[in-house]
Amino acid sequence: MILSRTLLRRHSVLPGFDLALGFTLLYLGLIVLVPLAAAFLKTATMTWPAFWAAVSSPRVMASYRLTFGASFAAALLNAFFGLVIAWVLVRYEFPARRFIDALVDLPFALPTAVAGIALTALYSGNGWIGRLLPFKVSFTPLGVFVALTFIGLPFVVRTLQPVLEDLSREIEEAAATLGANRWQTFTRVILPVVTPALLTGFALAFARALGEYGSVIFIAGNLPLVSEITPLLIITKLEQYDYTGATAIAVVMLVAAFALLLAINGLQAWTRKRQGR
């Protein structure tokens, strides 16, 4: 083991393990750790009563409920339909398959403001889809959910596709030979294999939705206590030069998101351990 590590360090394509690790830590420190540390340091200048007042007002609490609730629901929906879409793209050959596969990446390439305007136009009262619905979507919390679902779908599909491509069809055929029906094959053979990737896609979609701003503000309506998301509150406080209040809300979002993602990653590790990987 020691010899293999020594050879890896000496014959690596990168310019030495120590130098590469140093550049990695430096880059991550400048891009990730320093900005996050600045938010915590700025918040630390507040007194506890001021911090609590900034992060627990009714308007802020309502934005937490909408942001985390809509993000979780959108990621959950994307986990289901993302699995279906990835399965269809991997397992079946049909006309326009490559075109549909490219459409999955559209939320990645499309500017978020453009996505927000397009979704608002589609789901407004006189939009192509909105006029057919018996309920209102644009300028409601449901509009926030629609926007977050739109931007999160590619994370699930692209995470699942490589796993499904590596999943041999012979496994399904063997299960059918042993008398398993389709539901048993899916729940006992396929689902355990794809669950870690599915949880990863869910976590990525959830994390992306928490910080989404551009595609949401147009369709949300931004009504305080109703359809106002937390990132918009942070922007509002920055425009009002309330930097400590903005960083206080950002810190709460950061800690809560990190705790949720840590729990999801722990569940993913537990799943892999049960599978013996």
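Biologist: What should I know before reading any values?

Modeller: This is a predicted model, where local features need pLDDT of at least 70 and side-chain atom pairs count only at pLDDT 80 or more, while totals for chains, interfaces and linings use all residues. Residues are numbered from 1 along each chain as its sequence is written, and side-chain values use heavy atoms, with hydrogens and water left out.

Biologist: How many helices and strands are there in the protein chain?

Modeller: The protein chain has 13 helices and 0 strands. Helices (H or I, at least four residues) and strands (E, at least two) are DSSP runs, numbered from the N terminus.

Biologist: What box do the C-alpha atoms fill?

Modeller: Roughly 65 × 60 × 30 Å, taken along the principal axes.

Biologist: Changing topic, what volume does the largest pocket have?

Modeller: About 570 Å³. Of its 17 lining residues, W87, E172, R182, F186 and I190 are the closest to the centre. α4 (58-91), α9 (169-177) and α10 each supply at least two lining residues.

Biologist: What counts as a pocket here?

Modeller: On a 1 Å grid over the protein atoms alone, a pocket is an open set of points with protein on both sides within 12 Å along at least five of seven lines; a cavity is a set where a 1.4 Å probe fits but cannot get out; lining residues have an atom within 4 Å of a point. Grid points are joined across faces, edges and corners, and a volume is the space filled by probe spheres set on the points.

Biologist: And which element gives the largest share of the second largest pocket's lining?

Modeller: α13, with 9 residues. That pocket has a volume of about 460 Å³.

Biologist: How many cavities of 30 Å³ or more does the structure hold?

Modeller: The structure holds 1, with about 40 Å³ of space in the largest cavity. Its lining includes T67, V144 and E212.
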